[in-house]
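Colleague: I would like a close look at a single part of this model. Please take it slowly and keep to what the coordinates show.

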Amino acid sequence: MKGDDIADRLVAFAVRALAVAKALPKTLPGRHVAGQLLRCGTSGGAIYEEARGAESLADFIHKLGIVLKELRESRYWLRIVVGAELLPRPRLTDVLQEADELASIIARSILTARERS
């Protein structure tokens with residue numbers, strides 16, 4: 001996948017994370033999970049953009065590693081939403097799958113970059 005395609009998918013993922021956070025109940029657990037999901041669900045794309053302008057290959061790999069961590073954390077919080085039944089599972093199936101796919105893409109990108117170093 002090209003960098004622009006990944007960037008576009010990360011933006012779309014962030015928008016979906018925002019929608020999930022907005023739909024969560026306005027209870028203490030709902031607000032807590034919403035805040036966590038807002039942070040990690042939107043930061044991956046921003047860090048990916050930083051990685052695209054990295055100063056070195058090592059910097060690029062490091063920043064992609066942070067993107068991967070944010071995607072994994074997003075998946076965690078989405079699983080909490082499902083497990084705590086804060087939203088119906090069918091509503092989250094696609095966004096969970098996208099988190100998995102993006103994490104796989106970023107992980108492969110890290111491996112490819114490491115092979116080049």
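Which residues of H1 are buried?

Modeller: Bear in mind that this is a predicted model. The buried residues of H1 are Ile6, Ala7, Leu10, Phe13, Ala14, Ala17, Val20 and Ala21. They cover an arc of only 135° around the axis, which puts them on the same side of H1. On the face turned away from that buried side, H1 carries the exposed residues Asp8, Val11 and Lys22. The helix runs over residues 3-23, and its length can be checked: at 1.5 Å a residue, its 21 residues should span 30 Å, and the end C-alpha atoms are 30 Å apart, which agrees.

As for what covers the buried residues of H1, the cover includes helix H2 (28-52), helix H3 (57-83) and helix H4 (89-116).

The side chains of Asp4 and Arg52 meet in a salt bridge, with 2.5 Å from N to O. Asp4 lies in helix H1 and Arg52 in helix H2, so the pair ties together parts that are 48 residues apart in sequence. Both partners are partly exposed: Asp4 has a relative accessible area of 48%, and Arg52 has one of 38%.

Arg39 forms a salt bridge with Glu70, their closest N and O atoms being 3.3 Å apart. Arg39 lies in H2 and Glu70 in H3, so this pair ties together parts 31 residues apart in sequence. Here Arg39 is partly exposed at 39% relative accessible area, whereas Glu70 is buried at 12%. Asp100 forms a salt bridge with Arg75, the closest N and O atoms being 2.3 Å apart. With Asp100 in H4 and Arg75 in H3, the pair ties together parts 25 residues apart in sequence. The structure holds eight salt bridges.

Terms used
Residues numbered from 1 in each chain as written. Predicted model: local features only at pLDDT ≥ 70, side-chain atom pairs only at ≥ 80, totals over all residues. Heavy atoms only, no water. Helix = DSSP H or I, 4+ residues; strand = E, 2+ residues; numbered from the N terminus. Expected span 1.5 Å × (residues − 1). Buried < 20%, exposed > 50% of the residue type's maximum accessible area, 1.4 Å probe, protein only. Arc of directions from axis to C-beta. Contact = heavy atoms within 4.5 Å. Salt bridge = Lys/Arg side-chain N within 4 Å of Asp/Glu carboxyl O.
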